[in-house]
Amino acid sequence: MAAGSTAINFSTPCALFPCQPLSLGFSRSSFHRHQAAKNQRRSTRRAASTPAITAKLELKPPPYPLNALEPHMSQETLSYHWGKHHRGYVENLNKQITGTELDGMLLEDIIFLTYNRGDILPPFNNAAQIWNHEFFWESMKPDGGGKPTGDLLELIKRDFGSIDTFMEEFRAAASTQFGSGWAWLAYKANRLDVGNAVNPSPADEDKKLVVVKSPNAVNPLVWDYYPLLVIDVWEHAYILDFEARRADYISIFMEKLVSWEAVGSRLEMAKAQAAERESEERRRQEEEEKNAGDAEAVEMYLDSNSDEPEAD
Amino acid sequence: MALSLCNLVSRNSLAPLPIGRLLLSTRGLQTFSLPDLPYDYGALEPTISGEIMMLHHQKHHQTYVTNYNKALEQLDDAMNRGDPSTVVKLQSALKFNGGGHINHSIFWKNLAPVNEGGGEPPRGSLGWAIDTDFGSLESLKQKMNAEGAALQGSGWVWLGVDKELKRLVVETTANQDPLVTKGPSLVPLIGLDVWEHAYYLQYKNVKPDYLNNIWKVINWKYASNVYEKESA
């Protein structure tokens, strides 16, 4: 953000959001548990005995050297894309959140809060872009490409008909995301009423794979989808290697770069999270029914001697 | 059939600028072609490289023209068939590609080589209006540069004139939205393209350097002419 931009005071959540508890729901904490097993923690924690240390988000490097994706994605591209763009988002977000309520929060939580039901707050762009780029580097690997296998392959066949149809749909999303943005494969396993945003595919059944595209910094976390794969279609992602030829870049990404292992392991975590949510939902419903049953029993005894109509 | 042709041929809903040479297809549908640049690709160096100018014109702008023509043909067909669902579905393609054609046609005229007046400050009524509405030319440039730097994703920064309120405005639009989408009485004078393809090959991620430098080749004579016409 430009140095002259208005400082936003995040000290009072209610000043920014509808006054409701900052409840993030069980869905996000279970996402964190799975992500924690996979990633190092992004934020440092305050040490109890030292003066307050501002938590800083870190610039995480790709899981391979910057030249490892040659000749399909050049070292020059990686050095700008990761070294300047991704680094810039980290530095700018740290500047924006220092001393505010967002300081020290997990990245996913910052993204969720600042998306603000689509009425995006300034830190969202930086926070979401940090997440998106980490996810993007991990979606690729040296000597990538090939075909998906195992459970992932089965679900692709089930939900798209065939690998070719899926690839076609993914390519089409990536080509038709006008302007800057991203194209995703995601696992959709949420309640239709998505608290933070408008569900873009409300008619679809749950627990299935979907291809979605998003503009600028938006990502499927805000729709409560579980991302599995992404391609960056901001021009800076491909202009040095492909100039205006986005279609060629997309092809090379699918044929030579994509890490199906990463996609497969994310799918396993997505399914585990969905199963966990289902059992928590069942537990919650059972408890509600039990409480409702108890309340009815009490009411029966209260009303048995009354001549007046029942309260409800 | 004749009615729908009349609707297409009267381009009141499109930008009232002479955008490109018009081609008439055998079906009578008005389509568009890529306008020539009024200078060589290399003529804006070192401010904007010849490589960028060539790709920007021959690839990006040409693609908007091609896809705009395709969308117009599909629109013509859908209207003739009485297919409102397809007509509505085509609106985003028309806006993307038609907007891209409109905006870039203005952009090429907004630029001029230094030896043809590029960078020379505006005089006359536009110069006065800038001082009145922004304090100074420097202050206007700083405002537009700040808007351009802060713009997330792809888009444009505009200096425009509100022909109803008789006042200059600075506005941004996203993607290829033309300035008129920000207000029906807004007329574009200068547009700065801040899509990455406009500067990245030369300036890489340093968008502010591109914005600081582009003023050296801005053609204020064109902007003044448009301003005087709208203020008459």
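Let's begin in chain B, where three strands make an open sheet with the order S4-S3-S5 and antiparallel pairing. Keep in mind as you look that this is a predicted model. Strands S4 (167-174) and S5 of chain B are the edge strands, each pairing on one side only. On average, neighbouring strands of this sheet are turned by 25 degrees against each other, direction ignored.

What holds strands together in a sheet? Strands pair through backbone hydrogen bonds, in either a parallel or an antiparallel way.

Strand S3 (residues 155-162) of chain B runs antiparallel to S5(B), and seven bridges link the two. Along this pair, B:Trp158 stands opposite B:Gly191 in S5(B), while B:Gly160 has B:Pro188 in S5(B) as its bridge partner.

Is strand S5 of chain B (residues 186-193) enclosed or open to the outside? Eight of its eight residues are buried, so the strand is largely enclosed by the rest of the structure.

### Helices around the sheet of chain B

Helix H6(B) packs on the sheet and touches S3, S4 and S5 of chain B. The direction of H6(B) makes about 140 degrees with that of S3(B).

H6 (residues 137-150) of chain B also packs against helix H5 (residues 124-134) of chain B, with the axes 8 Å apart and an angle of about 70 degrees between them. Angles of 65 to 115 degrees count as roughly perpendicular, and H5(B) and H6(B) are therefore roughly perpendicular to each other. Their crossing is left-handed. From H5(B), the residues B:Ile130, B:Asp131 and B:Phe134 meet B:Leu137, B:Ser139, B:Leu140 and B:Lys143 of H6(B). Sorted by class, this contact has four nonpolar, one polar and two charged residues.

Is B:His104 buried or exposed? B:His104 has a relative accessible area of 0%, so it counts as buried, the cut-off being under 20%. Leaving aside neighbours within four places in sequence, B:His104 is in contact with B:His56, B:His61, B:Tyr64, B:Trp156, B:Gln176, B:Asp193 and B:His197.

### Over to chain A

Chain A has 10 helices and three strands. Starting at the N terminus, its elements run α-α-α-α-α-α-α-β-β-β-α-α-α. Of its 312 residues, 48% count as buried. Among contacts in chain A between residues at least 6 apart in sequence, 76% join residues at least 24 apart.

The three strands of chain A form an open sheet in the order S2-S1-S3, paired in the antiparallel sense. Strand S2 (208-215) and strand S3 (226-232) of chain A stand at the edges with a single partner strand each, so one side of each has no neighbour in the sheet. From one strand to the next, the twist averages 20 degrees. Strand S1 (residues 181-188) of chain A is joined to S2(A) by eight bridges, and A:Leu185 stands opposite A:Val211 in S2(A). Helix H5 (residues 123-138) of chain A lies across S1 and S3 of chain A, running at about 85 degrees to S3(A).

| Strand pair | Sense | Bridges |
|---|---|---|
| S3(B) and S5(B) | antiparallel | seven bridges |
| S1(A) and S2(A) | antiparallel | eight bridges |

Technical notes: Residues are numbered from 1 along each chain as its sequence is written. Chains are lettered from A and ligands numbered from 1 in the order in which they are written. This is a predicted model: local features need pLDDT of at least 70, side-chain atom pairs count only at pLDDT 80 or more; totals for chains, interfaces and linings use all residues. Side-chain values use heavy atoms; hydrogens and water are left out. Buried means under 20% relative accessible area, exposed over 50%, partly exposed in between (1.4 Å probe, protein chains only). Helices (H or I, at least four residues) and strands (E, at least two) are DSSP runs, numbered from the N terminus. Two strands pair if DSSP finds at least two bridges between them. Axes are lines fitted to C-alpha atoms, for helices over the stretch in contact, and angles run from 0 to 180 degrees between N-to-C directions. Angles under 35 degrees count as roughly parallel, over 145 as roughly antiparallel, 65 to 115 as roughly perpendicular and the rest as oblique. A crossing is left-handed if the near helix is turned anticlockwise from the far one by less than a right angle, and right-handed if clockwise. Contact means heavy atoms within 4.5 Å. Ala, Val, Leu, Ile, Met, Phe, Trp, Tyr, Cys and Pro count as nonpolar, Asp, Glu, Lys and Arg as charged, and the others, Gly among them, as polar.
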